[in-house]
Amino acid sequence: MAASHFHAIALDLGTTAIKAGLLDGGGGLCGIVSRAAPEMKVEGGRYESDALAYARVAEQVLEECMAGARGMPPLGLCSQRSTFLVWNRSTGDPATRLISWQDNRGEASCEALRQEEGVIGELTGLRLTPYYFAPKLRLLLLERPELRAGLERGELLAGTLDTFLIWRWTGGRHFITDASMAARTLLMGLRSQRWSPTLCDLFDIPLALLPEIMPSAGLNLRLGNGLTLKACMGDQSAALIASVGTSRSDVLVNLGTGGFVLRYLAEGEAAQAGYLRTMVFQDGRHHAHIAMEGTLNSLAAALAPYPVGECGVDDLARGDIYCLAEPSGLGAPYFRSDLGMRFSAPVEPLPPHQVGCILLEGIIFRVARVLEDFQRASPIGRVLLSGGLSELAALQQGIAQCAPCDVLRLKQKDSSLLGAALAAAGMETVTGGVAEKIQVAHGVSRLGVQYQRWKAWFDAQLAK
C-alpha cells in the first residue's frame, strides 16, 4: 500500500504491551507492531519498571511501524495514565524508576489529606485515591528530599510517561502534557483546565515544577525521528474516541487490566453521585469534552488464576454463590477499599472453572449496575464492549442479557491505538461496520434472576 494511503501512525504506551499501528484510508488499523513492556517489579504494593528500557522498546516499536509506512504520516500518542518518573534535565537519565499507576505508595498521602477530600473532588471531578500522580509524587518527595531540592533548582524534571517521552523525543525542547493526562493527576482544575494552586498547595507540589498543559489534539510538535506529533491523550480517552465519538447516547465498557464504563456528559452536566467526572480530551479549539466514568479495579488480577476462557454463558448462574471481583477494592461509584475480592460462601471446595464463572458473574453484574445508573440519568442507545476481556464469550453474552439496551462488540481490538490515530488524522469516529451486535440467547432467564439476587446481596455488603 502506498504511503499516501496512511492517514496517521499511532503509538499506545500500555502497561503490559507497547503497540504502534497505521491508519488506512478506510479508518482502520493495519501494520500493527506490538512488543511486551519491560517487566514490572512488584514489592509491597510498589510497582516499578525501567524507564529507559520502556523508552527503548517504544522507540523500536515506532521505528518498525514507520518502516511499513514508507513516509511520515502524523503521529497520535496515547499513554497509560498516572505512570510517572523523575529525570535529570541535562542528561535525560532517570532519577527514579518508572512508577506505575498501579503503585499504591500514595495511600499515606490520601490518609493525610482525607479531610480535604471534598475540595479535591470538587476541583478535579475525581476521588482521592493512590492511583493518581499527585499522592505518589507527594510521598516520593517526602521520602527523598534530594529529589525535591533537585526539582526546585531545575536540575530535575518530573512528569508522566507521555511528558518524559515527548521531552526525550524533542531533545528537551518541550516539557508538556495534554489536558486529559493532566486531568488525572489530582493537580488540574477540571473547570479551569489549568494547574490549580489550591491542589498544588494541598499536595505540597510546587506548581512551577509541572509541565505545560497542551490541547489533546491540534498539536504540531516535530520529533527527532522526523514524525510530527499531532495528538496526545490518555489511553481511556483514546478508546472512547475510537468507540463512540462524542455521542451521549452510547456507553463504552472497556474491560482489560481494569474496567471502565464511560459516557459523555453535556456541557455543564453533573455526574451522578459517586461517579467520576473525567476529561476525555481537549480539542484544538481548547474545548473540553467531559465524560462520566464508573470503574472496576484489577479485574485481570482477579481472573488470572482461573480458566475463565473455558466458561460459557450456560455455565453462569449455576449456583447461589455471589461475589465481588475487585481485589484492590470497589471502584466508582463506591470507592470502598474494604470491599474487594469477596464471596458469599466459601469457594475452596469448588473446581477452578466454577470459581472463574462466579467471578465473571460478579463482573457482569457490576457492569450492569453501572449501566442501570446511567440509564436512570438518561436513556442509553447502545453499549459498546472493548478491551481484551471483552473477547470472553461469557462476558459478552452476560452483559448483553443484563444490559438495558443493545450491546455491541467492537471488532477493532486496539481501540486506544485507533483513537490516537483518528485524533492525529482529524478523522471522525465511525463505529458502523466495525461493531457487531451481540445476539442474546433466547429462553435464558436464569442470569437475570441471578442478577436480582446478586443486587440484594451486594446492597447488604454496602450497608455493612
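The chain contains 14 helices and 24 strands. Its radius of gyration is 22 Å, close to the 23 Å that the globule rule gives for 464 residues, so the chain is as compact as a globular protein of that length. The model is a predicted one, and every value here is computed from it. Taken along the principal axes, the box filled by the C-alpha atoms comes to roughly 65 × 55 × 45 Å.

Of the 464 residues, 58% count as buried. Among contacts between residues at least 6 apart in sequence, 71% join residues at least 24 apart. The accessible surface comes to about 18000 Å², and carbon and sulfur atoms account for 50% of that area. As for charge, there are 43 positive and 47 negative side chains; the centres of these two sets lie 2 Å apart.

Several of its residues are buried, namely L447, Q450, Y451, W454, K455, W457, F458 and Q461. The cover over these buried residues includes two strands, strand 20 (323–325) and strand 21 (341–343). Helix 11 (352–377) and helix 12 (393–402) are also among the elements that cover the buried residues of helix 14.

Conventions
Residues numbered from 1 in each chain as written. Predicted model: local features only at pLDDT ≥ 70, side-chain atom pairs only at ≥ 80, totals over all residues. Heavy atoms only, no water. Helix = DSSP H or I, 4+ residues; strand = E, 2+ residues; numbered from the N terminus. Rg over C-alpha atoms; globule rule 2.2 N^0.38 Å. Buried < 20%, exposed > 50% of the residue type's maximum accessible area, 1.4 Å probe, protein only. Contact = heavy atoms within 4.5 Å. Areas by Shrake-Rupley, 256 points an atom, 1.4 Å probe, with all protein chains shown as cover. Lys, Arg positive; Asp, Glu negative; His and termini not counted. Charge placed at Lys NZ, Arg CZ, Asp CG, Glu CD.
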